[in-house]
Amino acid sequence: MSKSKVELDEEMGIYLGQINTCIHEAAHGCGALHVGVGLQYIEIGLDDISFGRVMTPTQILSDGRIAYPERGAFVSACGIAAAQVYHLRRGGTGHDLTKVREWLASIEDADKIERKILWKARTFVAKHKSRIFKVAHALQDQRRLDGQTTDRIFRGTEEVIVPRRFLDAVGMMQSVRWVDTDVGLRAFKYPVGDSTN
Ligand SMILES: [Zn+2]
(Lines give C-alpha, C1' and ligand atoms only; values in the text may rest on other atoms or scores of the structure.)
Protein backbone atom coordinates (compact mmCIF):
# COMPACT_ATOMS: atom_id res chain seq x y z
CA MET A 1 0.00 0.00 0.00
CA SER A 2 1.40 3.37 -0.93
CA LYS A 3 1.68 5.99 1.77
CA SER A 4 -0.40 8.97 0.79
CA LYS A 5 0.74 12.25 2.20
CA VAL A 6 -1.27 15.31 3.00
CA GLU A 7 0.74 18.23 1.76
CA LEU A 8 0.09 21.41 3.67
CA ASP A 9 1.70 24.74 3.04
CA GLU A 10 2.13 27.07 5.99
CA GLU A 11 -0.95 29.11 5.21
CA MET A 12 -3.14 26.01 5.04
CA GLY A 13 -1.62 24.64 8.24
CA ILE A 14 -2.51 27.84 10.09
CA TYR A 15 -5.96 27.96 8.49
CA LEU A 16 -6.65 24.40 9.70
CA GLY A 17 -5.57 25.43 13.19
CA GLN A 18 -8.05 28.30 13.10
CA ILE A 19 -10.87 26.14 11.79
CA ASN A 20 -10.15 23.57 14.48
CA THR A 21 -10.46 26.16 17.24
CA CYS A 22 -13.48 27.86 15.66
CA ILE A 23 -15.49 24.65 15.25
CA HIS A 24 -14.68 23.68 18.83
CA GLU A 25 -15.81 27.04 20.23
CA ALA A 26 -18.80 27.26 17.88
CA ALA A 27 -19.99 23.89 19.18
CA HIS A 28 -19.85 25.20 22.77
CA GLY A 29 -21.66 28.39 21.74
CA CYS A 30 -24.39 26.63 19.75
CA GLY A 31 -24.82 24.18 22.63
CA ALA A 32 -25.38 27.11 24.99
CA LEU A 33 -28.02 28.55 22.67
CA HIS A 34 -29.65 25.15 22.25
CA VAL A 35 -30.16 24.56 25.98
CA GLY A 36 -30.98 28.21 26.63
CA VAL A 37 -28.35 29.05 29.24
CA GLY A 38 -27.57 32.29 27.42
CA LEU A 39 -24.47 33.27 25.50
CA GLN A 40 -22.51 36.45 26.03
CA TYR A 41 -19.93 35.97 23.34
CA ILE A 42 -17.54 33.57 21.61
CA GLU A 43 -14.04 34.65 20.70
CA ILE A 44 -10.76 33.33 19.44
CA GLY A 45 -7.34 34.84 20.09
CA LEU A 46 -6.05 37.63 17.89
CA ASP A 47 -2.48 36.36 17.96
CA ASP A 48 -2.71 32.87 19.33
CA ILE A 49 -5.38 31.26 17.20
CA SER A 50 -5.44 28.13 19.32
CA PHE A 51 -6.98 30.18 22.09
CA GLY A 52 -10.73 30.46 22.21
CA ARG A 53 -13.46 30.87 24.75
CA VAL A 54 -17.18 30.95 25.18
CA MET A 55 -18.78 33.09 27.86
CA THR A 56 -22.10 32.02 29.27
CA PRO A 57 -23.69 33.48 32.39
CA THR A 58 -23.64 31.08 35.35
CA GLN A 59 -26.69 31.39 37.53
CA ILE A 60 -26.10 30.74 41.20
CA LEU A 61 -29.03 29.80 43.41
CA SER A 62 -29.56 31.43 46.81
CA ASP A 63 -28.10 28.37 48.55
CA GLY A 64 -24.91 28.65 46.53
CA ARG A 65 -25.61 25.79 44.15
CA ILE A 66 -25.35 26.32 40.41
CA ALA A 67 -28.63 26.47 38.52
CA TYR A 68 -29.00 24.00 35.65
CA PRO A 69 -25.78 21.99 36.16
CA GLU A 70 -26.84 19.53 33.46
CA ARG A 71 -27.15 22.32 30.93
CA GLY A 72 -23.74 23.63 31.87
CA ALA A 73 -22.32 20.14 31.50
CA PHE A 74 -23.97 19.84 28.09
CA VAL A 75 -22.29 23.06 26.89
CA SER A 76 -18.90 21.75 28.00
CA ALA A 77 -19.63 18.33 26.48
CA CYS A 78 -20.25 19.92 23.07
CA GLY A 79 -16.51 20.65 22.80
CA ILE A 80 -15.71 16.97 23.32
CA ALA A 81 -18.44 15.98 20.88
CA ALA A 82 -17.17 18.37 18.19
CA ALA A 83 -13.68 16.89 18.48
CA GLN A 84 -15.09 13.38 18.08
CA VAL A 85 -17.56 14.07 15.29
CA TYR A 86 -15.34 16.37 13.18
CA HIS A 87 -12.00 14.76 14.01
CA LEU A 88 -10.65 17.89 15.68
CA ARG A 89 -7.58 18.01 17.84
CA ARG A 90 -8.23 16.09 21.04
CA GLY A 91 -5.82 18.24 23.04
CA GLY A 92 -8.36 20.73 24.29
CA THR A 93 -11.04 18.27 25.31
CA GLY A 94 -9.45 17.10 28.57
CA HIS A 95 -10.30 20.48 30.01
CA ASP A 96 -13.87 20.13 28.74
CA LEU A 97 -14.26 16.77 30.46
CA THR A 98 -12.97 18.29 33.70
CA LYS A 99 -15.60 21.01 33.30
CA VAL A 100 -18.37 18.46 32.67
CA ARG A 101 -17.41 16.70 35.92
CA GLU A 102 -17.28 19.98 37.82
CA TRP A 103 -20.78 20.83 36.65
CA LEU A 104 -22.09 17.46 37.74
CA ALA A 105 -20.10 17.21 40.98
CA SER A 106 -23.06 17.75 43.28
CA ILE A 107 -25.50 15.58 41.33
CA GLU A 108 -26.58 12.06 42.21
CA ASP A 109 -25.79 9.38 39.65
CA ALA A 110 -23.21 11.70 38.09
CA ASP A 111 -21.53 8.91 36.07
CA LYS A 112 -24.75 7.88 34.45
CA ILE A 113 -25.77 11.47 33.74
CA GLU A 114 -22.32 12.24 32.35
CA ARG A 115 -22.64 9.40 29.83
CA LYS A 116 -26.11 10.56 28.88
CA ILE A 117 -24.97 14.16 28.40
CA LEU A 118 -21.91 13.16 26.35
CA TRP A 119 -24.18 11.13 24.09
CA LYS A 120 -26.71 13.96 23.77
CA ALA A 121 -23.94 16.43 22.92
CA ARG A 122 -22.62 14.11 20.24
CA THR A 123 -26.06 13.77 18.69
CA PHE A 124 -26.57 17.53 18.81
CA VAL A 125 -23.21 18.36 17.26
CA ALA A 126 -23.68 15.83 14.44
CA LYS A 127 -27.24 16.92 13.72
CA HIS A 128 -26.46 20.64 13.58
CA LYS A 129 -23.31 20.43 11.51
CA SER A 130 -24.28 23.16 9.04
CA ARG A 131 -25.30 25.64 11.75
CA ILE A 132 -22.16 25.00 13.76
CA PHE A 133 -20.01 25.41 10.64
CA LYS A 134 -21.72 28.72 9.83
CA VAL A 135 -21.01 30.02 13.33
CA ALA A 136 -17.45 28.68 13.12
CA HIS A 137 -16.80 30.37 9.77
CA ALA A 138 -18.23 33.68 11.01
CA LEU A 139 -16.07 33.37 14.12
CA GLN A 140 -12.98 32.70 12.03
CA ASP A 141 -13.82 35.76 9.95
CA GLN A 142 -14.68 38.14 12.80
CA ARG A 143 -12.70 36.67 15.72
CA ARG A 144 -15.48 37.54 18.13
CA LEU A 145 -19.24 37.02 17.90
CA ASP A 146 -21.65 38.41 20.44
CA GLY A 147 -24.46 36.22 21.71
CA GLN A 148 -27.16 37.86 19.58
CA THR A 149 -25.22 37.55 16.34
CA THR A 150 -24.40 33.94 17.14
CA ASP A 151 -28.06 33.29 17.85
CA ARG A 152 -29.14 34.79 14.51
CA ILE A 153 -26.63 32.66 12.62
CA PHE A 154 -27.60 29.56 14.62
CA ARG A 155 -31.33 30.13 13.98
CA GLY A 156 -30.71 30.92 10.32
CA THR A 157 -32.02 34.50 10.39
CA GLU A 158 -28.56 35.77 9.46
CA GLU A 159 -27.13 33.92 6.49
CA VAL A 160 -23.52 32.87 6.39
CA ILE A 161 -22.06 31.14 3.37
CA VAL A 162 -19.48 28.59 4.39
CA PRO A 163 -16.80 28.54 1.67
CA ARG A 164 -15.58 25.42 -0.07
CA ARG A 165 -12.18 25.96 1.49
CA PHE A 166 -13.65 25.57 4.98
CA LEU A 167 -15.33 22.28 4.09
CA ASP A 168 -12.17 21.00 2.41
CA ALA A 169 -10.25 21.85 5.58
CA VAL A 170 -12.75 19.89 7.69
CA GLY A 171 -12.25 16.95 5.35
CA MET A 172 -8.50 17.05 6.05
CA MET A 173 -8.85 17.15 9.83
CA GLN A 174 -8.45 13.47 10.46
CA SER A 175 -5.20 13.25 8.56
CA VAL A 176 -3.09 15.96 10.13
CA ARG A 177 -0.80 16.24 13.10
CA TRP A 178 -0.98 19.24 15.42
CA VAL A 179 1.93 21.33 16.59
CA ASP A 180 1.85 24.42 18.79
CA THR A 181 4.02 27.07 17.19
CA ASP A 182 4.82 30.64 18.18
CA VAL A 183 1.94 31.82 16.02
CA GLY A 184 -0.44 29.28 17.54
CA LEU A 185 -1.77 25.93 16.62
CA ARG A 186 -0.74 24.65 13.22
CA ALA A 187 -1.50 21.48 11.30
CA PHE A 188 1.32 19.61 9.61
CA LYS A 189 1.41 16.99 6.95
CA TYR A 190 2.19 13.44 7.87
CA PRO A 191 1.67 10.00 6.36
CA VAL A 192 -1.97 8.99 6.65
CA GLY A 193 -2.57 6.45 9.38
CA ASP A 194 0.13 7.87 11.64
CA SER A 195 -2.00 10.30 13.65
CA THR A 196 -0.81 11.12 17.14
CA ASN A 197 -3.50 13.65 18.00
ZN1 LIG B 1 -13.77 23.39 24.91
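View 1. From the N terminus on, the elements run α-β-β-α-α-α-α-β-α-α-β-β. That makes seven helices and five strands in the chain. Please keep in mind as you look around that this is a predicted model. The chain has 197 residues, and buried ones make up 40% of them. If you count the contacts with a separation of 6 or more, 68% are between residues 24 or more positions apart.

**View 2. The largest nonpolar core.** This core has 52 residues. Good places to start are the residues with the most contacts inside it: Ile23, Ala26, Ala77, Cys78, Ala82, Ala121 and Val135. Helix H1, residues 10-35, supplies the largest share of the core, eleven residues. As general background, nonpolar side chains in soluble globular proteins tend to be buried together. Zoom in on Ala121 and, leaving aside neighbours within four places in sequence, you will find Gly31, Phe74, Ala77, Cys78, Ile80 and Ala81 in contact with Ala121.

**View 3. Helix H1 against helix H2.** H2 covers residues 69-85, and its axis and that of H1 come within 8 Å. The two axes cross at roughly 145°, and the crossing is right-handed. On the H1 side, the meeting residues are Ile23, His24, Ala27, His28, Gly31, Ala32 and Val35. On the H2 side, look for Arg71, Phe74, Val75, Cys78, Gly79, Ala81, Ala82 and Ala83. Sorted by class, this contact has ten nonpolar, four polar and one charged residues.

**View 4. An open sheet of three strands.** The strands stand in the order E2-E1-E3, with antiparallel pairing. Strand E2 (52-55) and strand E3 (144-146) are at the edges, and each has a single partner strand, so one side of each is left without a neighbour in the sheet. Direction ignored, neighbouring strands are turned by 5° against each other on average. H1 packs on this sheet, where it touches E1 and E2, and the direction of H1 makes about 5° with that of E2. Helix H5, residues 129-142, lies across E1 and E3 and runs at about 120° to E3.

**View 5. Strand E1 and its two partners.** E1 spans residues 41-44 and pairs with E3 in the antiparallel sense over three bridges. E1 and E2 also run antiparallel, joined by four bridges. You can trace the pairing residue by residue: Tyr41 has Asp146 in E3 as its bridge partner, Ile42 has Val54 in E2, and Glu43 stands opposite Arg144 in E3. Which residues of E1 are on its covered face, and which on its uncovered one? Ile42 and Ile44 form the covered face, while Tyr41 and Glu43 form the uncovered one.

View 6. Arg53 has its place in strand E2. Is Arg53 buried or exposed? Arg53 counts as exposed because there are 12 C-beta neighbours inside 10 Å, and a residue with 12 or fewer is called exposed. Not counting residues up to four places away in sequence, Arg53 touches Glu25 and Glu43.

**View 7. Two loop residues with positive phi.** His87 sits in the loop between H2 and helix H3 (93-103). Although not a glycine, His87 has a positive phi of about 55°. In general, most residues other than glycine have a negative phi. With 18 other C-beta atoms within 10 Å, His87 is partly exposed. Asp109 is in the loop between H3 and H4. Asp109 has a positive phi of about 60° and is not a glycine either. Asp109 is exposed, with 9 other C-beta atoms within 10 Å.

**View 8. Ala126 and Tyr86.** Ala126 belongs to helix H4, residues 110-127. With 14 other C-beta atoms within 10 Å, Ala126 is partly exposed. Ala126 and Tyr86 are 40 residues apart along the chain, and their C-alpha atoms are separated by 8.4 Å.

Definitions and conventions
Residues are numbered from 1 along each chain as its sequence is written. This is a predicted model: local features need pLDDT of at least 70, side-chain atom pairs count only at pLDDT 80 or more; totals for chains, interfaces and linings use all residues. A nonpolar core is a set of buried Ala, Val, Leu, Ile, Met, Phe, Trp, Tyr and Cys residues joined through C-beta atoms within 7 Å. A residue is buried if 20 or more other C-beta atoms lie within 10 Å of its own, exposed if 12 or fewer, and partly exposed in between; C-beta atoms are placed from the backbone. Two residues are in contact if their C-beta atoms, placed from the backbone, lie within 7 Å. Two strands pair if DSSP finds at least two bridges between them. Axes are lines fitted to C-alpha atoms, for helices over the stretch in contact, and angles run from 0 to 180 degrees between N-to-C directions. A crossing is left-handed if the near helix is turned anticlockwise from the far one by less than a right angle, and right-handed if clockwise. Ala, Val, Leu, Ile, Met, Phe, Trp, Tyr, Cys and Pro count as nonpolar, Asp, Glu, Lys and Arg as charged, and the others, Gly among them, as polar.
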